[in-house]
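Subject: Structure for you to look at

Dear colleague,

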Amino acid sequence: MASLRELRTRIKSVNSTKKITKAQELIATSRITKAQSRVDASQPYAQEIERVIQRLASASSMDHPMLKERANASRAAILVISSDRGMCGGYNNNVFKKTAELRKMLEQDGKEVVLYVAGNKGLSYYNFRNEPIGGAWTGFSQDPDYSKTHDLRRHLIDGFIAGSEGTAKHRDGVRGHEGEDVQGFDEVHMVFTEFESMLSQIPRAHRLLPIEPVVEEEEIHQGEDMLSNGSKEIQPEVEFEPSADRLLEELLPQYVSRGIFAAMLEAAASESAARRTAMSAATDNATDLVKQLSRVANQARQAQITQEITEIVGGASALADSGESD
């Protein structure tokens with residue numbers, strides 16, 4: 001059994017750790033609400049730009065390079081969205097596992113895969129394994145900022161438009177010498193964590209480019225085209241100025257850019273939720289460990305007291321037998 005002094009030192013150490021994990025839990029809890037609010041605030045814009053894109057797609061020739069499947073696609077980019085800090089349980093490992101699955105699938109299709117990483121943990125993970133990285137951006141996983149993610153978003157879009165046989169402009173965060181153009185790619189995928197609830201965060205793999213156009217077909221059922229006054233509802237005819245193709249060319253990069261930033265907002269909420277869960281479990285474990293150590297320390301203290309009493313009684317008995325107690 002450890003000495004009483006050692007047990008008290010361990011109890012003190014565990015209590016200090018418990019204070020840290022409790023503080024981290026409270027901070028993560030406060031950040032979840034803010035992150036969820038940002039996700040909700042981005043929805044109106046997302047819904048509106050999707051509606052506009054669908055209307056433009058139905059009126060255009062659909063001949064934009066961001067909408068075209070490339071017959072001989074040979075190079076694919078994967079954006080891995082991880083966290084900048086740890087203490088969030090299996091949050092990052094789940095993202096890395098999903099990335100490995102996606103990468104294996106793409107390589108089986110004969111595509112060369114280049115990784116782009118957002119977050120310090122992802123950067124450390126791939127550097128430790130000597131995995132080549134096309135680019136890395138850090139410092140905003142907990143609180144994504146649209147301006148700080150500009151180079152990341154633009155490089156993925158420009159690289160896709162350039163294609164595997166072309167080159168894109170070098171941007172901050174991209175590996176390579178300043179001023180040198182960077183080889184493009186034929187597909188862009190993204191791996192992030194989707195926030196479902198405080199207890200459930202699911203890693204997702206999503207293809208960003210080329211965009212799979214979804215044009216909603218308006219179904220007109222008998223009786224549903226009548227207004228309340230009995231007259232027929234007239235669907236408006238929309239004319240685009242400039243042309244629908246020109247507008248689509250301008251809006252598609254914005255649409256993809258919004259998708260990337262929305263994934264980062266989802267990942268930020270998921271990171272805070274995962275950290276809260278992990279720190280809550282760590283705090284509970286620390287509480288249980290303190291109870292166990294306190295119990296052992298009490299037993300050690302009782303044993304020490306019993307030994308001291310036994311020694312005193314034994315000493316008194318020895319003195320009585322020797323006759324020196326008189």
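Predicted model: local features only at pLDDT ≥ 70, side-chain atom pairs only at ≥ 80, totals over all residues.

An open sheet is formed by 5 strands, which follow one another in the order 3-2-1-6-7, and the pairing among them is mixed. At its edges are strand 3 (135-137) and strand 7 (200-209), each of which pairs on one side only. On average, neighbouring strands of this sheet are turned by 25° against each other, with direction ignored. As background, the strands of a sheet pair through backbone hydrogen bonds, and they do so either parallel or antiparallel. Strand 1 (residues 75-81) and strand 2 (residues 112-118) run parallel and are joined by 7 bridges; in one of the pairs to look for, V80 has V117 in strand 2 as its bridge partner.

Helix 3

Helix 3 (residues 120-128) lies across strand 1, strand 2 and strand 3, and it runs at about 135° to strand 2. Although S124 and D84 are 40 residues apart along the chain, their C-alpha atoms are separated by 9.8 Å.

Cavity and pocket

How many cavities of 30 Å³ or more does a search of the whole structure find? The search finds 1, and the largest cavity holds about 80 Å³ of space. Its lining is made up of 13 residues, with I81, S82, F140, S141 and M264 lying nearest the centre, and by class these lining residues are 8 nonpolar, 4 polar and 1 charged. Helix 5 (residues 244-322) gives the most to this lining, with 4 residues.

The largest pocket, for its part, has a volume of about 760 Å³. It is lined by 32 residues, of which E50, H206, Y255, R258 and G259 lie nearest its centre, and the lining divides into 19 nonpolar, 6 polar and 7 charged residues. Helix 1 (4-59), strand 6 (187-197), strand 7 and helix 5 each supply at least two residues of the lining of this pocket, and the largest share, 10 residues, comes from helix 5.

With best wishes

Note on methods:
Residues numbered from 1 in each chain as written. Heavy atoms only, no water. Pairing = 2+ DSSP bridges. Axes fitted to C-alpha atoms, helices over the stretch in contact; angles between N-to-C directions. Contact = heavy atoms within 4.5 Å. 1 Å grid on protein atoms, 1.4 Å probe; cavity = no way out; pocket = protein on both sides within 12 Å on 5 of 7 lines; lining within 4 Å. Points joined across faces, edges and corners; volume = space filled by probe spheres on them. Nonpolar A, V, L, I, M, F, W, Y, C, P; charged D, E, K, R; others polar.
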